[in-house]
Amino acid sequence: MVTAAVPPDNFAFPAVLKAAAGLNDLNLGKQIHAHVFKFGHASSSAVAVSNSLVNMYGKCGDLDAARHVFDGISDPDHVSWNSMIAATCRFEEWELSLQLFRLMLSENVDPTSFTLVSVAHACSNLRDGVRLGKQVHAYALRNGDWGTFTNNALFTLTK
């Protein structure tokens with residue numbers, strides 16, 4: 001697109017960032033991030049692009065960059081939170097995962113089934129995880145999340 005003088009938009013960047021994440025190519029992801037700035041899509045209102053950046057950095061091994069981008073999102077949605085919580089789980093930052101989950105709830109963002117799977121995974125790796133996992137289970141039941149993925153993740157607490 002760039003060589004054809006067609007400027008990328010906020011739909012193109014998530015697609016190429018997903019490809020960079022799939023390749024686990026941090027350098028390519030950083031180059032794309034530079035283009036995000038160059039073409040004016042780095043504002044906090046471009047949440048789809050920011051979410052893709054958080055996801056890419058999280059999958060490519062740069063948790064600090066993922067957190068930096070996440071912290072720059074003025075109004076993170078559930079995809080933003082899920083991407084950041086999943087990234088912390090990928091790096092086995094279990095306590096940080098739960099801190100982010102608590103912060104998500106305090107910001108009145110409803111967790112999705114994906115969120116609860118990540119949080120259950122974090123709980124299963126903590127010393128006091130069964131107790132915390134029971135709280136996640138109770139939350140899921142109170143909020144009608146009877147999904148297979150959430151239930152399967154909760155089973156890991158009994159390992």
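Reply: Start with a term: contact means heavy atoms within 4.5 Å. Helices here are DSSP runs of H or I with at least four residues, numbered from the N terminus, while strands are runs of E with at least two. This is a predicted model, in which local features need pLDDT of at least 70, side-chain atom pairs count only at pLDDT 80 or more, and totals for chains, interfaces and linings use all residues. Residues are numbered from 1 along each chain as its sequence is written, and side-chain values use heavy atoms, with hydrogens and water left out.

Now the pair. Trp94, Ser97, Leu98, Phe101 and Met104 in H6 touch Thr115, Leu116, Val119, His121, Ala122 and Cys123 in H7. The residues of this contact of H6 with H7 are eight nonpolar, three polar and no charged. Nonpolar covers Ala, Val, Leu, Ile, Met, Phe, Trp, Tyr, Cys and Pro; charged covers Asp, Glu, Lys and Arg; the others, Gly among them, are polar.

Next, the geometry. Helix H6 spans residues 94-106 and helix H7 spans residues 113-123. They pack at an angle of about 140°, with their axes 9 Å apart. Axes are lines fitted to C-alpha atoms, for helices over the stretch in contact, and angles run from 0 to 180 degrees between N-to-C directions. H6 and H7 are therefore oblique to each other. Angles under 35 degrees count as roughly parallel, over 145 as roughly antiparallel, 65 to 115 as roughly perpendicular, and the rest as oblique.

Look at the loop between H6 and H7. Asparagine 108 lies there. Asparagine 108 has a positive phi of about 60°, although it is not a glycine. Most residues other than glycine have a negative phi. Asparagine 108 is exposed, with a relative accessible area of 68%. Exposed means over 50% relative accessible area, buried under 20%, and partly exposed in between, with a 1.4 Å probe and protein chains only.

The loop between H5 and H6 holds Glutamate 92. Glutamate 92 also is not a glycine, and has a positive phi of about 55°. Glutamate 92 is exposed, at 56% relative accessible area.

Finally, the core. The largest nonpolar core has 39 residues, and Leu53 and Met56 have the most contacts inside it. Such a core is a set of buried Ala, Val, Leu, Ile, Met, Phe, Trp, Tyr and Cys residues joined through side-chain atoms within 4.5 Å. H6 and H7 are among the elements that give two or more residues to this core. H3 gives the most, with six residues.
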